[in-house]
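Here is a short report on one protein model. Keep the structure in view as you read.

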Amino acid sequence: MRSRLENEILKHQGSEVMVVSHSMGTIVAYDVLRAIGKKHPQLKVARFVTIGSPLGLPHVKYKIAKENDAVRTPSVVQQWSNFADRRDPVALDVHLADDYAANAAGVQVSDGLVSNDWSGLHHKS
């Protein structure tokens, strides 16, 4: 999955690229963006969007810190928006801004809380 995402991003360098990821995919996308930043520092990703992300979990942050120089916004990212619902067990830590430092360009994750309320929806057969 990592190589497929990296290849797609590299294929579109020079274009305005947005990476949208959900759940475990946010970890994959984060890893790929960090790796691209090391190999292709001139590349830019206009927007990184994480939804229901486990990137705030202590074990995940520990692994990132162990494998990288810092727990921060990937260097190639120009804007990072994180969306989470407090009731989502995967996104247990809904605030990533206090866990991830800004990158060298000063880009830091922006947290947005959402409420997934499905009680008003009715299934019609």
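Helix α1 passes helix α2 in a right-handed crossing. The crossing is called right-handed if the near helix is turned clockwise from the far one by less than a right angle, and left-handed if anticlockwise. This is a predicted model: local features need pLDDT of at least 70, side-chain atom pairs count only at pLDDT 80 or more, and totals for chains, interfaces and linings use all residues. Residues are numbered from 1 along each chain as its sequence is written, and side-chain values use heavy atoms, with hydrogens and water left out.

Two packed helices are described by the angle between their axes and the distance between the axes. Here α1 covers residues 2-11 and α2 covers residues 24-39. Their axes come within 10 Å and cross at roughly 55 degrees. That makes α1 oblique to α2. Angles under 35 degrees count as roughly parallel, over 145 as roughly antiparallel, 65 to 115 as roughly perpendicular, and the rest as oblique. The axes are lines fitted to C-alpha atoms over the stretch in contact, and angles run from 0 to 180 degrees between N-to-C directions. Helices (H or I, at least four residues) and strands (E, at least two) are DSSP runs, numbered from the N terminus.

Which residues make the contact (heavy atoms within 4.5 Å)? From α1 come Arg2, Leu5, Glu6 and Ile9. From α2 come Val28, Ala29, Asp31, Val32, Leu33, Ile36 and Lys39. They divide into 7 nonpolar, no polar and 4 charged. Ala, Val, Leu, Ile, Met, Phe, Trp, Tyr, Cys and Pro count as nonpolar, Asp, Glu, Lys and Arg as charged, and the others, Gly among them, as polar.

Now the charged pairs. Side chains of opposite charge can pair when their charged atoms come close. The whole structure holds 6 salt bridges. In a salt bridge, a side-chain nitrogen of Lys or Arg lies within 4 Å of a carboxyl oxygen of Asp or Glu. The table lists some of them.

| Salt bridge | N to O distance |
|---|---|
| Asp31 and Arg2 | 2.8 Å |
| Lys39 and Glu6 | 2.7 Å |
| Glu8 and Lys11 | 3.0 Å |

Asp31 in α2 and Arg2 in α1 are 29 residues apart, so the pair links distant parts of the chain. Arg2 is partly exposed, at 46% relative accessible area. The cut-offs are under 20% for buried, over 50% for exposed and in between for partly exposed (1.4 Å probe, protein chains only). Lys39 in α2 and Glu6 in α1 are 33 residues apart and also link distant parts of the chain. Glu6 is buried, at 14%.

Glu8 and Lys11 are both in α1, 3 residues apart, or about one helical turn. Glu8 is partly exposed at 38%, whereas Lys11 is exposed at 56%. Elsewhere, salt bridges that share partners join Lys61, Asp93 and Asp99 into one network.

Next, the backbone. Most residues other than glycine have a negative phi. Ser23 is not a glycine, yet its phi is positive, about 55 degrees. Ser23 lies in the loop between β1 (18-22) and α2.

Is Phe48 buried or exposed? Phe48 is buried, at 0% relative accessibility. Phe48 lies in strand β2 (residues 47-51). Beyond its neighbours within four places in sequence, Phe48 has contacts including Val19, Ala29, Leu33 and Trp80.

Asp69 is exposed, at 63%. Asp69 sits in the loop between α3 (58-67) and β3 (80-84).

Key
Contact = heavy atoms within 4.5 Å.
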